[in-house]
Amino acid sequence: MFRTLRAGLLIGVGSLAIGSCISPPDFPDTPSIEFKDLSVQRHIVNGVTAVDSVVVTIGFKDGDGDLGLNEEEYNNPPYQRLNTDGSLNLNHWNYYFNLFVKAPGETEFKPYRVTPELLELRPEDYYGQYPHLEPNSEKKAPLQGNLRLRQGFALGSPFYPGQEVRFEITIKDRALNTSNTVTTSSFVVAPR
């Protein structure tokens, strides 16, 4: 029994020694992201409306881990929704999701700002906010992981069958450092 206890103790001390040799990753304080995956699933809502559920997964790295906003931060400077002059404050969001389409027969993707029915699309309608990602927001530490965003798009609002769609994504940390921009893969909007 003493040998078993001694062996367990040696393994425990050895694990601590190995763990103390591992240093945390060295990432810049400005977040960086990479595109991982885009999936689309069609749902019929109330037996009538076709809705494409789009899930985008990005990988992220941040040197000081200050990613995400909590409810109190959303409503206070510098993240409040409106600036003092009444204009929209772009720091209110920390996930920027921009729409691009390629119409049938076209060769290039273009920013999607007006639908075929001439409905104007406001970019901020597709921006999002994600909560604090670090386990302890008081302690600055490198942070790495995946972030998934789900958006639902009803057929014809804003996308139409035959359009090829992709997105550009950027995130921001609490220090207002802006990440690089990534482009997702694309998908063709299916008919009903």
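## A buried charged pair: Glu134 and Arg174

Glu134 and Arg174 are both buried, where buried means under 20% relative accessible area, exposed means over 50% and partly exposed is in between, using a 1.4 Å probe and protein chains only. Glu134 forms a salt bridge with Arg174, and their closest N and O atoms are 2.9 Å apart. A salt bridge here is a side-chain nitrogen of Lys or Arg within 4 Å of a carboxyl oxygen of Asp or Glu. This pair links distant parts of the chain: Glu134 is in the loop between β4 and β5, Arg174 is in the loop between β6 and β7, and the two are 40 residues apart. Helices (H or I, at least four residues) and strands (E, at least two) are DSSP runs, numbered from the N terminus.

A word on what you are looking at: this is a predicted model, in which local features need pLDDT of at least 70 and side-chain atom pairs count only at pLDDT 80 or more, while totals for chains, interfaces and linings use all residues. Residues are numbered from 1 along each chain as its sequence is written, and side-chain values use heavy atoms, with hydrogens and water left out.

## Other salt bridges

Searching the whole structure gives 7 salt bridges. One of them joins the side chains of Lys102 and Glu164 at 3.4 Å, N to O. Lys102 belongs to strand β3 and Glu164 to strand β6, so this pair ties together parts that are 62 residues apart in sequence. Both Lys102 and Glu164 are buried.

Arg42 and Asp52 form a salt bridge as well, with 2.5 Å between the closest N and O atoms. Since Arg42 sits in strand β1 and Asp52 in strand β2, the pair ties together parts that are 10 residues apart in sequence. Arg42 is partly exposed, at a relative accessible area of 28%, whereas Asp52 is buried at 7%. Elsewhere, Arg122, Glu124 and Asp125 are linked in a network of salt bridges.

## A buried lysine without a salt bridge

Lys172 lies in the loop between β6 and β7 (182-183). Lys172 is buried yet has no salt bridge, and the nearest side chain of opposite charge, Asp173, is 8.4 Å away. For charges, Lys and Arg count as positive and Asp and Glu as negative, while His and the chain ends are not counted.

So what does the side chain of Lys172 make a polar contact with? One partner is the side chain of Asn91, at 2.7 Å, and another is the side chain of Tyr96, at 3.5 Å. A polar contact is a pair of N or O atoms within 3.5 Å; within protein, one must be able to donate a hydrogen and the other to accept it, and residues adjacent in sequence count only if both atoms are side-chain atoms. Leaving aside neighbours within four places in sequence, Lys172 is in contact (heavy atoms within 4.5 Å) with residues including Leu67, Leu90, Tyr130 and Thr178.

## The three-stranded sheet

An open sheet is formed by 3 strands in the order β1-β2-β5, with antiparallel pairing. Its edge strands are β1 and β5, each of which pairs on one side only. Two strands pair if DSSP finds at least two bridges between them. Antiparallel pairing of β1 and β2 runs over 13 bridges, and that of β2 and β5 over 12 bridges.

Ser32 stands opposite Lys61 in β2, and Ser39 has Val55 of β2 as its bridge partner.

Asn46 counts as exposed at 75% relative accessibility. Leu118, in the loop between β4 (110-111) and β5, also has a positive phi, about 65 degrees. Leu118 counts as exposed too, at 70% relative accessibility.

Where are the cis peptide bonds? One runs from Pro77 to Pro78, with omega near 5 degrees, and Pro78 is in the loop between α2 (71-74) and β3 (95-102). Another runs from Ser157 to Pro158, with omega near 10 degrees, and Pro158 is in the loop between β5 (143-154) and β6 (164-171).
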